[in-house]
Amino acid sequence: MKESNSQAFRRGFRDGIPIGLGYLAVSFSIGIAARNIGLNAFQGFLMSLLNNASAGEYAGLTVIAANSPYIEVAIVTLITNARYLLMSCAMSQRLSPDLSLGHRLLMSYDITDELFGIAISRPGTLNPYYTYGAPLPGWAFGTMLGVIAGNIMSPRMVSAFSVALFGMFIAIIIPPSKQNKVVAGLVALAFISSFAATCLPWISTLSDGTRTIILTVVLSAGAAFFFPIPTEDETSASTKQ
């Protein structure tokens, strides 16, 4: 039975609650950084509402603090967030061909690592209302609260909050890794390759976002070549045999 839009929205809201709460906590550090360069609570809220990316915001705030021109802010943010181009391409393959451009634009606006993780793991065609239900404004509200509490929170607490995003990401990749040995192997290879990329002479000089793009393309292309996902026809044929 096909899931209705309201059912997809409710399921997305349910699945996104842990992410939204985690964002609310983790984005405190973004808010403190924004406050330190002179942004007020509303400006911090608007920044995170329009740019749902921790690494991109950190990079942008660093460039802004250095009084760099707007073009540098745009380039640094684009490079840091370039991995979302790959995520958008991957998610587009899960959409219905007749899905309108408006829905595609709204979905692309709010693609984050965590939302991509829970959305791409959904079976079948992805209903856009599933992504609309995820309570991602928690990131913007957390930034606003971080600005307000900037002079109150200790550096140790900020350091503790900064690792929460990585914990959420690990929680997303562990379940599929337990179910599929290929996925588990690729996850382990991604960790090893990411660490190696910070040590190798040439690639270590690249930005974090660029290294992420290179590793993602190489690993995903290798996985697609050596471990292709069977098509529906191949699956049906193997079942009949």
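A residue counts as buried when its relative accessible area is under 20%. Keep that cut-off in mind, because Thr 77, at 19%, is buried by it. The model on screen is predicted.

**Whole chain**

Show the protein chain as a cartoon. It has 14 helices and 0 strands. Now colour by burial. Of the 241 residues, 35% count as buried. Take the contacts between residues at least 6 apart in sequence: 76% of them join residues at least 24 apart.

**Stop 1: helix H4**

Select residues 70-80, which make up H4. Which residues of H4 are buried? They are Val 73, Thr 77 and Thr 80. The three cover an arc of only 65° around the axis, so they sit on the same side of H4. An α-helix has 3.6 residues a turn, so residues three or four places apart point the same way. Turn to the other side of H4. Ile 71 and Leu 78 are exposed there.

**Stop 2: Thr 77**

Stay in H4 and pick Thr 77. Its relative accessibility is 19%. Show what lies around Thr 77, leaving aside neighbours within four places in sequence. Its contacts are Asn 51, Gly 56 and Gly 60. Next, draw a distance from the C-alpha of Thr 77 to that of Ala 55. The two atoms are separated by 8.5 Å, and the residues are 22 apart along the chain.

**Stop 3: Asn 51**

Follow the contact from Thr 77 to Asn 51. Asn 51 lies in the loop between helix H2 (41-50) and helix H3 (54-65). Is Asn 51 buried or exposed? Asn 51 is buried, with a relative accessible area of 19%. Display its side chain together with that of Asn 81. A polar contact of 3.4 Å joins the two. Then widen the selection, again skipping neighbours within four places in sequence. Asn 51 is in contact with Gly 56, Glu 57, Thr 77, Asn 81 and Trp 139.

**Stop 4: Ser 177**

Move to helix H11, residues 164-179, and select Ser 177. Ser 177 is buried, with a relative accessible area of 14%. Where does its side chain reach? It reaches the backbone oxygen of Ile 173, at 2.7 Å. Beyond its neighbours within four places in sequence, Ser 177 is in contact with Val 183, Ala 184 and Val 187.

**Stop 5: helix H12**

Those contacts lead on to H12, so select residues 181-197. H12 has 17 residues. From first C-alpha to last, H12 reaches 24 Å, close to the 24 Å expected at 1.5 Å a residue. Zoom in on the start of H12 and show Asn 180. A side-chain oxygen of Asn 180 comes to within 2.8 Å of the backbone nitrogen of Val 182.

**Last stop: the salt bridge**

How many salt bridges does the structure hold? It holds 1. Select Arg 14 and Asp 15 to see the pair. Their closest N and O atoms are 3.1 Å apart. Asp 15 counts as partly exposed, at 24% relative accessibility.

Conventions
Residues numbered from 1 in each chain as written. Predicted model: local features only at pLDDT ≥ 70, side-chain atom pairs only at ≥ 80, totals over all residues. Heavy atoms only, no water. Helix = DSSP H or I, 4+ residues; strand = E, 2+ residues; numbered from the N terminus. Buried < 20%, exposed > 50% of the residue type's maximum accessible area, 1.4 Å probe, protein only. Contact = heavy atoms within 4.5 Å. Expected span 1.5 Å × (residues − 1). Polar contact = N/O pair within 3.5 Å; in protein donor to acceptor, adjacent residues only side chain to side chain. Salt bridge = Lys/Arg side-chain N within 4 Å of Asp/Glu carboxyl O. Arc of directions from axis to C-beta.
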